[in-house]
Amino acid sequence: MWASRLNAAARGTRRAGGPIWRLRSSCWSNRGFASEAAAPASQQRKEASTEVEINNKRYKKDSWFNVPPNIIDKVPRRLHLQKDHPVYIVRNIIQSVFPETGIFKHYNSLDPVVTTHQNFDSLGFLPDHPGRATSDTYYINRDTLLRTHTSAHQADTFRANLSEGYLISADVYRRDEIDRSHYPIFHQMEGARSWSRAKVMPNGELAASIWSDLEKLPKHNVEVQDPNPPFHHERNPLQEKHHSAAEAEALAAHLKRSLELMVVEIFRIAKSAAKKADPKFVDEPLQIRWVEAYFPFTSPSWELEVFYEGDWLECLGCGVVKQELYINAGVPDQLGWAFGIGLDRIAMLLFKIPDIRLFWSQDARFLSQFAGVSDNPDSIRRFKPFSKHPGCYKDVSFWLKSTSAAGGGTKANVHDFHDNDVMEIVRTLAGDVVEDVKLLDEFTHPKTGRKSLCYRINYRSLERTLTNDETNDLHEKIRKALVQDLGVELR
């Protein structure tokens, strides 16, 4: 989980050196997750069938099953494979920097249904790691789920050992908040480049071989800020048991040049689109900076940020692959680097698309704007909004169950309340006609300790104006579902 999902696009935070707008990157995250040990009882009651069909395959369900129909229906869409779709276009741009010419192999059609071993265990997630929570992950059964990141395929790809490098692009699934920059299905790309000690030793130095490969890469003239050493024993440690300092330094240099070239190409195209949209666009020199980071399966690790249109943008996470991943995959003689990037966020930036829901629109007024761009990326133009329909805000307030920890109980239970439970009810019943859901207020009773929450739901369709009757009907269904599924008491 390469970058923090809490630090999404259009949610700026300050860092030394200026503002930074964070793009939800690929699968590598340093976010802490809220735990929940089993599927809510209400979901268990509602799922009477013992099987579910996803992508024409049938799977056994159990009490962990929590995938709503609206998610299952979208699984076959695979936007990253739809020619001339913005997500497809971004995938193509990145793949052009790492072409299938002997070193890199591209994987774009891997099945989204994976095992918990693939998604968590193979990457070193502890059995009680909160990232396994049903509040964040869509489970089919205890042992099977919809992948939460492209890294679910990392160990299998290393084990297959079919190429020195690879790119994986895929649709990934996470229960999440509702706003214009979050969607329960999004798209990631992960890449890795590996070297084998067996191919260079004992006749040569592995570090020298990596430096030699670096010299074969193109150069760029973009200013790069990289003030930190290749590794730091406390902040960004070297894997001393497995890598020499010279090897880590060579890997870092190769990684950084490779990813700088990728980002330079993306923003070259972004600037071209900006100039077409606004002849007065100020073409400031692109700047890149490397920031030390932490990710669970690389060390040392970094985030790459780009200064563009007056803001620092966090574009991706990367690092030197933890050697345990190679060892567990049965290729202990290899070492290398890996990165992850969010395709949706880059597409939103590249095309200036203001709402992530638009990616799922089948309206010709949206799709026609990108026709032909896949074959000619330099023809990219920024998205032109075709309508802005009025929104309708409605609030819902309720008391949480007093038996839950969130509601003021003395200890948590396996069906405890989570914000994402509210989000899933809204998504399931209202779909894409809800623009965002925000926690407006919370109150804890001074005597009983019970907690009350108030959420504001903004109903706004991207394609038409909703009637009052429609929004009232949807809101009433959501209110009833909150009571039935979460056991809350409406206020």
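Reader: What are the ground rules here?
Author: The model is predicted, so local features need pLDDT of at least 70, side-chain atom pairs count only at pLDDT 80 or more, and totals for chains, interfaces and linings use all residues. Residues are numbered from 1 along each chain as its sequence is written, and side-chain values use heavy atoms, with hydrogens and water left out.

Reader: In which sense do S3 and S4 pair?
Author: Antiparallel, over four bridges. S3 covers residues 51-54 and S4 covers 57-60. Strands pair if DSSP finds at least two bridges between them. Strands (E, at least two residues) and helices (H or I, at least four) are DSSP runs, numbered from the N terminus.

Reader: Which residue in S4 is the bridge partner of Glu51?
Author: Lys60.

Reader: Which residue in that hairpin takes a positive phi?
Author: Asn55, near 55 degrees. The hairpin has two residues between the strands.

Reader: New topic. Is Gln118 buried or exposed?
Author: Gln118 counts as buried because its relative accessibility is 19%. Buried means under 20% relative accessible area, exposed over 50%, partly exposed in between (1.4 Å probe, protein chains only). Gln118 sits in helix H4, residues 116-119.

Reader: What does Gln118 touch?
Author: Leu123, Ser151, Ala152 and Asp156, leaving aside residues up to four places away in sequence. Contact means heavy atoms within 4.5 Å.

Reader: And H12, how many of its residues are buried?
Author: Nine of its 12. Among them are Val422, Met423 and Ile425.

Reader: What follows H12?
Author: Gly431, with a positive phi near 60 degrees.
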